[in-house]
Amino acid sequence: MLFTLLCTSQSDKTIAITLSPDLKENANAVIRHKALEIEIKAYNKMVVKEHRIVTVFNEYGMRNIGAYLSYDNTVNIKHISAIVYNALGQEIKSIKEKKFKDVSAVSGGTLFSDDRQKYLSYTPTNYPFTVEYTSEYVTSTTAFIPRWFPVEGYFVSTEYSSFKIVNNSAIVLNKKASYLDGYNINELSDFYYEAKNIKAIKKEAYAPSFSSFAPHLKFALQEFDMKGVKGQNSSWTAFGKWVDTDLNKDTEELPEDVISEVQNLTKTESSNLEKAKIVYKYMQDKTRYISVQVGIGGWKPMLASDVDRLSYGDCKALSNYTKALLKAVGVESYYTLIYGNRDIESFDIDFSSQQGNHAILTVPHQDDYVFLECTSQTTPFGYIANFTDDRDALIITPDGGKIVHTKVYKTEENSQKTKAIITVDQLGGLNATIKVNSKGTQYNRYSQLESKDQKGKQLYYKNRFDNINNLKVRSISIINDKENVILTENLELEASKYASKAGNMLLLTPNAFNKNTYIPPRYENRTLPFEVDRGFVDEDEYVFTLNQALSIDVMFEPVTISNKFGEYATTIEKIGDKKFKYKRKLIINKGKYSKDDYKTFRTFYSNITKHDKSKITLKK
């Protein structure tokens, strides 16, 4: 239906807008009107006003209402309210500030925090409905100037959105516009933009991160306030210098007995790297991760002496504590700001500003760096796969900030090698002894196994090998070689009637333990490029021995597929009448590709799935 709201005046408690059908396509919600206005009065005073009208079409669009305000003791809320309208544009509910939910913005890993949030809690009875939201607040923290995303995310369209900054301070305000071309966006002045009638973007498999292609603006003052601490930001060098000399100042002092302890632990080592490994293990054994974010504590590390006394800290505190321990034994290291996420997100090297959501530690080694994740009690030394790998980060040196790229786990490093000895009985049941070695990013996939109890491990393997009916896991042995970062799984499995009966024959699928079943979704008209962010290599070798009552009848021909996305090969080698060897190798390459390549990429995965299901015929 064509959705129409009836009147224009808010005082009449109705809204009049006719929505174009184009804006409903692929949309769970539409931004009918958004006006964000920011006035910067001084390096430590900023006024933010927002007027927002959002129409929600279904339950998935509820996340786009955006009627919330995060605050702490540096934020003075002047006004916050909302009005809810039904599908006819008639007011059905008015919500004043005191009716907004007011909750602590504390995550599960946070011990205590002064961050809070006021948000609209509304349960609709019907869709569509519309929310009109207005707010105004004054803050002394100017390190985080709101960004403008005229397209706010997937499955949400924009009818009108504007963004305006009035800089009444004498401080230079830096700006960067990204990916605005191709959208109906107008620059009205240096710091005043508006967007109209932008259709929703449909999320597609393997799409790159949203911020890497969606239009947006970001801003940063060259002088700013960070919850009471004045900051400098004329470049990454200057910003890093401020972090080192002001933000993190006087946080590294340790008790003398702790200094003596780590010096004694490392006294026989001449290599800085070996000293660092000992100190890292000392830190892991002594501490645990708990977030403490009060005042500047969300950005400034707590004292290293407090971490030592309490044996806990957040990423900033534990990284800073490890830095202090390394300093005590004469090893240089750098506090490092980074984006921590499964998705690969880098610092913008061309735009210095307050970026990142995580802290790690960087140890210079020869002509390279070793990166340390300090929040885990089990992560091997220097292992950062799948969370902080392959991205630009900011190391904080005494000379200032420096952008470096973290370790890239190459395709050949991310290996899983599986060997199995398998016997097949006359009814098609199997008994198998399996050994799996995992490295690189694939090591991380299975490292969680160590913490599972026996029942949990049994369940894990039954789910992992869910293609095998009647599976029994007879024994499990996990060896975690943290020095070489290799995980070894030794298993003994059995399953009755694995091979299926076909008359007097048995049909057996040789790929018993690493069968690909995933095929990327089909799109008639893909709109986005796609990316494989981490490559990998799987190698499988299974030796089958048949019961005396069975013999090989028909085997499939070798298969080889090779293209820019990777390689796939399978072979069967007959070793006498009762024995054969199945070999499989799959390489998926890391890479960025155009949308036109997606169909071929999908076909590649489809062929892998087809050949992984290939069967051989056994006769009795």
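# Exercises on burial, contacts and charge

Phe57 sits in the loop between β2 and β3 (68-71); strands here are DSSP runs of E of at least two residues, helices are runs of H or I of at least four, and both are numbered from the N terminus. The model is predicted: local features need pLDDT of at least 70, side-chain atom pairs count only at pLDDT 80 or more, and totals for chains, interfaces and linings use all residues. Residues are numbered from 1 along each chain as its sequence is written, and side-chain values use heavy atoms, with hydrogens and water left out.

**Exercise 1.** Decide whether Phe57 is buried or exposed, and list what Phe57 touches.

*Solution.* 
- Step 1: Buried means under 20% relative accessible area, exposed over 50%, and partly exposed in between (1.4 Å probe, protein chains only).
- Step 2: Phe57 has a relative accessible area of 16%, so Phe57 is buried.
- Step 3: Contact means heavy atoms within 4.5 Å. Not counting residues up to four places away in sequence, Phe57 touches Leu19, Lys24, Ala27, Asn28, Ala29, Val30, Tyr127 and Pro128.
- Step 4: For Asn28, 29 residues apart from Phe57 along the chain, the C-alpha atoms are separated by 5.3 Å.

**Exercise 2.** Find the side chain of opposite charge nearest to Arg602, and state which residues Arg602 contacts.

*Solution.* 
- Step 1: Arg602 belongs to helix α8 (residues 598-612).
- Step 2: A salt bridge needs a side-chain nitrogen of Lys or Arg within 4 Å of a carboxyl oxygen of Asp or Glu. Lys and Arg count as positive, Asp and Glu as negative; His and the chain ends are not counted.
- Step 3: Leaving aside neighbours within four places in sequence, Arg602 contacts Ile519, Pro520, Pro521 and Arg522.

**Exercise 3.** Which residues form the positive surface patch with Lys45, and how is Lys45 classed by accessibility?

*Solution.* 
- Step 1: Patch residues have over 30% relative accessible area and no salt bridge; like charges are joined within 9 Å, and nonpolar side chains (Val, Leu, Ile, Met, Phe, Trp, Tyr) within 5 Å. Areas come from the Shrake-Rupley method with a 1.4 Å probe; for residues, only the protein chains shown count as cover. A charge is placed at NZ of Lys, CZ of Arg, CG of Asp or CD of Glu.
- Step 2: Lys41, Lys45, Lys49 and Lys78 form the positive patch.
- Step 3: Lys45, in strand β2 (residues 45-56), has 36% relative accessibility and therefore counts as partly exposed.
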